[in-house]
Amino acid sequence: MENHRLPAPQFSGIFPSAIRGNFMSRTGSQSPAFLPWLVVGFGFLALALAFSARATLGLVMPIWTQELGWSRSFTSGAAATALLVMAAVAPFAGRFIDQQGVRVTLALGLALVGVGCLVVSATSDALVFLIAFSGLSAIGFGIVAAHVVSTAIARLFGSNRGLATGIATSGATGGQFLIVPLIAVVLATFSWRWSFLAIGGGCLALIPLLWWTLAEERDPADEPSGQTPASSLTADIASIIREPAFHILFWSFLLCGYTTAGVIETHFLPYASLCGFGPVPSAAAYGTLSAINMLGMIGAGWLTDRMNRVVLLGLIYILRGLTFPMLMNVGDDYEMLVAFTVLFGAVDYATVPVTASLVASHLGLRVMGLSMGLISAGHSIGTAAGAFIGGYLFDLTMQYDWVWITSFTLAVGAGLMVLLLSDQPRRIAESA
């Protein structure tokens, strides 16, 4: 079945002629059609750096306990605070890209992440660390996020939109697979300060390259006549939440957060340790999950362009749910643990490109950033709930069985919920 496709955007208005000329003189290319793929590349790199900065916190946590006397609960609390800040920032970051475009948005986010990491690298004060990481960098994390990158991609691609979204947003897990090991080497060779310094420097170094290469997305002289007047934030939110499609995508994505970043990213390694596996094989299994995760996002994006998106998204959730009984029965079988990481990794973040495509067609490109921001805030809420409830259920029962049972139920429920949606929208909220 063919998916609904919005008309391909005209790149002449998105990339002003002067900048197109500069780019072509640098590359020798005669076609501006390659330029949107630069956004894909920069989106991948920006997400890789932002997610690696978040992951670095886990690497240095034991060192801080010994060197600075910071407890695990303090550092974990800082991470949880950053997550809440990200949830609060997400809708505003989406609105910002709707109004300002990808270049300004990513540059601002990278600057905040970079400055925050540089401050962390230079301080031993707990309050300064909280302001830098759970404040400055957390706001940056909320801006350099998958919903912002997927919105930028949706605006630039008519065909291959799903594939481009999958590649760009796979930077979220690609960073953990590609960059975090390098940060670990820096940590082992030098110190934790150099780890944050490297991440912060990488973020700031990417900004001028991004700014120089990418054109402004909007040139007022190129705006079509008769364009719909800009509406207020309140009016746009009211319009979005009136759409049944929004509620299906919001609540399913909230459950997505619970069953991925919430329970797996938080509790997988402790569960592996409980099963008797050491740190090295446990980390190797998690690394396998991250690698397959990246491939799964790209594959899901490719399929988004080629099949019924509702069926695809529903199957991803249901297949994810079916992996949890396997996890319950790992015991001391390491091969079973690795098999779980492969199957779960294939459907872990794979919901992102499909959800973004459905938001573009069902809620409209004009408010896609805001819509994705609201939906991503739901994902963060689900993540926080999964992390907390997972720990609570373990403390209550001293085992993870009920954590995996609830995850199975919620993932399958999300899949069935999605199947209530039609692949073809009732109306087009916005034409590209």
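Mentor: A contact means heavy atoms within 4.5 Å. Among contacts in the protein chain between residues at least 6 apart in sequence, 85% join residues at least 24 apart. The model is predicted: local features need pLDDT of at least 70, side-chain atom pairs count only at pLDDT 80 or more, and totals for chains, interfaces and linings use all residues. Residues are numbered from 1 along each chain as its sequence is written, and side-chain values use heavy atoms, with hydrogens and water left out.

Trainee: How many helices and strands does the protein chain have?

Mentor: Helices (H or I, at least four residues) and strands (E, at least two) are DSSP runs, numbered from the N terminus. The protein chain has 20 helices and 0 strands.

Trainee: Which residues are linked in a network of salt bridges?

Mentor: Side chains of opposite charge can pair when their charged atoms come close. A salt bridge is a side-chain nitrogen of Lys or Arg within 4 Å of a carboxyl oxygen of Asp or Glu. The network links R95, D236 and R366. Between D236 and R95, the closest N and O atoms are 2.3 Å apart. This pair joins helix 12 (residues 233-241) to helix 4 (residues 72-100), across 141 residues. R366 and D236 also form a salt bridge, at 3.0 Å from N to O.

Trainee: Is D236 buried or exposed?

Mentor: Buried means under 20% relative accessible area, exposed over 50%, and partly exposed in between (1.4 Å probe, protein chains only). D236 is buried, at 2% relative accessibility, whereas R366 is partly exposed, at 29%.
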